[in-house]
Amino acid sequence: MYCDCKLIILMLQMGELAVDKHVKYILSVQKKRKDSFEAVVMEHLTMNGAYWGLTTLDLLGKLDVVDSEEITEWIIQCQHESGGFAGNIGHDPHILYTLSAVQVLALLDKLNVLDVDKVSNYIVGLQNEDGSFSGDMWGEVDTRFSYIALCCLSLLHRLDKINMEKAVNYILSCKNVDGGFGCIPGGESHAGQIFCCVGALAITGSLHLVDKDLLGWWLCERQVKSGGLNGRPEKLPDVCYSWWVLSSLIMIDRVHWINKEKLVKFILNCQDKDNGGISDRPDDAVDVFHTYFGVAGLSLLEYPGVKAIDPAYALPVDVVNRIFLGR
Ligand SMILES: COc1ccc(S(=O)(=O)N2Cc3cc(C#N)ccc3N(Cc3cncn3C)C[C@H]2Cc2ccccc2)cc1
Ligand SMILES: [Zn+2]
């Protein structure tokens with residue numbers, strides 16, 4: 001008990017999380033002029049950007065400031081005849097945007113607007129003979145897409161529509177001798193891929209197949225002197241790894257192997273406390289992606305005032321409970 005209070009006092013002393021500034025920043029990006037450079041660059045990513053921005057608002061307890069009807073109507077306009085969702089209206093569907101669309105509708109408690117079988121059939125159609133998943137009709141295979149498929153089908157209560165055993169065996173075929181996972185069999189271990197594989201194994205109840213001590217050691221070695229986490233050995237720390245590494249450590253029950261206080265300090269040091277937003281490293285430019293992963297990382301670290309997030313589904317715990325416990 002003493003330790004937790006000490007951590008909370010330390011967190012508050014370390015300089016506040018500038019909640020109101022980050023909320024204003026997220027809303028300013030959502031409202032950004034459509035012809036701005038950033039809007040054009042991110043146009044194909046907008047569905048992902050909606051997920052990053054709206055989940056940040058919900059974790060900060062401010063989702064009520066957005067118009068959920070307007071967002072829901074836009075999401076449905078992004079659905080392709082195949083059942084998959086595109087990053088924006090008129091763009092091509094991809095499994096990545098399909099998960100983001102389902103996650104945003106889950107946040108807004110609007111999953112009822114979906115034709116669940118149409119969406120789930122799109123994902124089922126992307127599973128390959130070897131159990132892997134492609135990202136879209138062009139066939140690129142990556143363990144990222146295995147996680148996205150399993151997470152999405154689980155949220156839609158349709159996991160029974162795919163070959164689960166082959167899906168799990170394919171993920172295990174991507175496990176390396178260092179305990180980590182790569183994007184394809186023999187691919188180098190990388191924190192982003194490890195999150196995807198560990199998350200997918202968690203969702204399918206297969207975490208007993210992970211060597212938790214070996215993987216936990218690889219993951220805790222990602223913490224550098226500054227307290228931040230990197231994605232591979234010898235790389236620079238980056239706030240988004242506060243999610244990829246930390247959520248993996250929590251799922252395999254080895255989060256006590258890193259220094260939580262130093263990581264909290266690293267994330268808080270990456271805030272732009274004047275204009276809002278969080279960057280990948282101190283003094284870099286902020287963006288919605290790192291603002292989300294920084295707040296989500298603080299949520300996993302139980303930072304005061306931030307709602308709890310589920311490490312496998314990457315959605316607030318109250319949203320996950322509503323979906324699986326109906327409350
Ligand atoms: C500004 O240059 C970029 C570069 C790439 C991309 S991206 O390919 O669409 N994408 C999403 C992303 C969004 C933003 C924001 N706003 C910023 C970065 C970033 N990266 C790049 C990045 C983050 N940490 C280090 N790196 C190099 C991840 C990447 C891949 C990804 C997509 C979806 C979900 C997870 C990861 C977008 C912008
Ligand atoms: Zn990053």
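These are my notebook entries on two ligand sites and a few single residues in a predicted model.

**Entry 1, the zinc ion.** I began with ligand 2 and asked which residues coordinate the zinc ion. I then looked at how the donors are spaced along the chain, and they follow D-x1-C-x49-H. I also looked up the burial of two of these residues: aspartate 238 and cysteine 240 are both buried.

Next I listed the residues around ligand 1. The list holds Met42, Leu45, Trp52, Asp238, Cys240, Trp244, Asp287, Val288, Phe289 and His290. I noted that ligand 1 exposes 670 Å² when taken alone, and that the protein buries 51% of that area. Sorted by class, the shell has seven nonpolar residues, one polar residue and two charged residues. I asked which element gives the largest share of the shell. It is helix α14, residues 288-300, with three residues.

I checked the polar approaches to ligand 1 as well. A polar side-chain atom of aspartate 238 is 3.1 Å from a nitrogen atom of the ligand. For histidine 290, a polar side-chain atom is 3.2 Å from a ligand nitrogen atom.

I placed serine 242 in helix α12. Is it buried or exposed? I count serine 242 as buried because its relative accessibility is 0%, and the limit for buried is under 20%. Beyond its neighbours within four places in sequence, serine 242 is in contact with Leu229, Leu263, Ile267, Phe293, Gly297 and Leu300.

I looked at backbone angles last. Most residues other than glycine have a negative phi. Aspartate 253 has a positive phi, near 60°, and is not glycine. I located aspartate 253 in the loop between α12 (241-251) and α13 (260-268). Its relative accessible area is 54%, so I recorded aspartate 253 as exposed.

Glutamate 302 also has a positive phi near 60° in a residue other than glycine. Where does glutamate 302 lie? I found it in the loop between α14 and α15 (317-325). With a relative accessibility of 58%, glutamate 302 is exposed, the cut-off being over 50%.

Notes. Residues numbered from 1 in each chain as written. Chains lettered and ligands numbered in written order. Predicted model: local features only at pLDDT ≥ 70, side-chain atom pairs only at ≥ 80, totals over all residues. Heavy atoms only, no water. Near = heavy atom within 4 Å. Polar contact = N/O pair within 3.5 Å; in protein donor to acceptor, adjacent residues only side chain to side chain. Areas by Shrake-Rupley, 256 points an atom, 1.4 Å probe, with all protein chains shown as cover. Helix = DSSP H or I, 4+ residues; strand = E, 2+ residues; numbered from the N terminus. Nonpolar A, V, L, I, M, F, W, Y, C, P; charged D, E, K, R; others polar. Buried < 20%, exposed > 50% of the residue type's maximum accessible area, 1.4 Å probe, protein only. Contact = heavy atoms within 4.5 Å. Donors = N, O, S within 2.8 Å, 3.2 Å for Na, K, Ca; no water.
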